[in-house]
Amino acid sequence: MCLDHLFDRNVAWAQAKTRDDPGYFIRMAGIQNPKLLWIGCSDSRVTANDVLGLDPGEVFVQRNIANMVHTSDMNLLAVLEYAIDVLHIEHVIVCGHYGCGGIQRALGDERTALVDHWLQPITMLYRKHRKLFDAIPDPAARIDRMCELNVEMQVRRIAAIPTVEKAWLRGQPLHLHGWLYGVTDGLLRDLGPHLSSIKERDELPSIDDRARQPVEPVSGMRQHAMAAFNAP
Ligand SMILES: [Zn+2]
């Protein structure tokens, strides 16, 4: 398959950017100074800059299948350390999305591919609380419930990484967030937890406790977004 059309699109894009904003690439060539780290899913529909409405240079990004946090993942650990120690980012956002194919896979019985090793923690959480999840009659709603819980779980895992603990111990402002993106409406939900210290992390209920409680994804921010979205 010839990919020449992508180079054509690239030229058109660069020309349009320069036409609309002659200083755009001069600014972009300067040092990057993002204050956000986005840990998201590899899903092609959920691109951090587009969802946040931000220019390149404003968000540091790490993506993988189902926005998982494995504390032995060298890729994630290196990104996290660089983001905190060098870029001094202030917010780490774990952002999942409803209808996640990775979460759907984790809830299934197929266990033969590398991706099943990758998704193992969420599979185990599902199986541990299977009665609760399987009581949700709509399969899509069951997947969405796991998408919510997965975000909460991964925020907890970020909070347990020594790089994050060290930043908190030395008093560096660092806030962890759990968000979910709706691919059907383009809106973000602020699920939590919000963590800004070791104390807050240690006081959190366990992920098993959270599995037994419904998550309320419609935050004040979300309601504001819905009102704006539906305004005439
Ligand atoms: Zn996904």
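Of the 232 residues of this protein, 28% count as buried. Buried takes 20 or more other C-beta atoms within 10 Å of the residue's own, exposed takes 12 or fewer, and partly exposed lies in between, with C-beta atoms placed from the backbone. The model is predicted: local features need pLDDT of at least 70, side-chain atom pairs count only at pLDDT 80 or more, and totals for chains, interfaces and linings use all residues. Residues are numbered from 1 along each chain as its sequence is written.

**Whole chain**

Show the C-alpha trace. Along its principal axes it spans about 60 × 45 × 45 Å. A compact globule of 232 residues would have a radius of gyration near 17 Å; the protein has 19 Å, which agrees. That radius is taken over C-alpha atoms, and the globule rule is 2.2 Å times the number of residues to the power 0.38.

Switch to cartoon. There are 13 helices and five strands. These are DSSP runs numbered from the N terminus: helices are H or I with at least four residues, strands are E with at least two. Of the contacts with a separation of 6 or more, 70% join residues 24 or more positions apart. Two residues are in contact if their C-beta atoms, placed from the backbone, lie within 7 Å.

**Stop 1: the annotated site**

Centre on Asp43, in the loop between β1 (36-41) and α3 (48-52). Asp43 has 19 other C-beta atoms within 10 Å and is partly exposed. Leaving out residues up to four places away in sequence, Asp43 touches His97, Cys100 and Gly101.

Move to Cys100. Its loop runs between β3 (91-97) and α5 (101-106). Cys100 counts as buried, with 26 C-beta neighbours inside 10 Å. Again leaving out residues up to four places away in sequence, Cys100 touches Cys41, Asp43, Ala66 and Cys147.

**Stop 2: Ala66**

Ala66 is buried, with 27 other C-beta atoms within 10 Å. Check its backbone: phi is positive, about 65 degrees, although Ala66 is not a glycine. Most residues other than glycine have a negative phi, and most peptide bonds are trans.

**Stop 3: helix α4**

Select residues 74-86. At 1.5 Å a residue, the 13 residues of α4 should span 18 Å; its end C-alpha atoms are 17 Å apart, which agrees. The expected span is 1.5 Å times one less than the number of residues.

Now colour Leu80, Ala83 and Ile84, the buried residues of α4. They cover an arc of only 85 degrees around the axis, which puts them on the same side of α4. The arc is that of the directions from the helix axis to the C-beta atoms. These buried residues pack against β1, β2 (59-64) and α10 (162-169).

Turn to the face pointing away from the buried side. It carries the exposed residues Met74, Asn75, Ala78 and Val86.

Step on to His88, in the loop between α4 and β3. His88 is not a glycine, but its phi is positive, about 55 degrees. His88 counts as partly exposed, with 14 C-beta neighbours inside 10 Å.

**Stop 4: a cis peptide bond**

Finish at Gly192 and Pro193. The peptide bond from Gly192 to Pro193 is cis, with omega near 0 degrees. Pro193 lies in the loop between β5 (188-190) and α11 (198-203).
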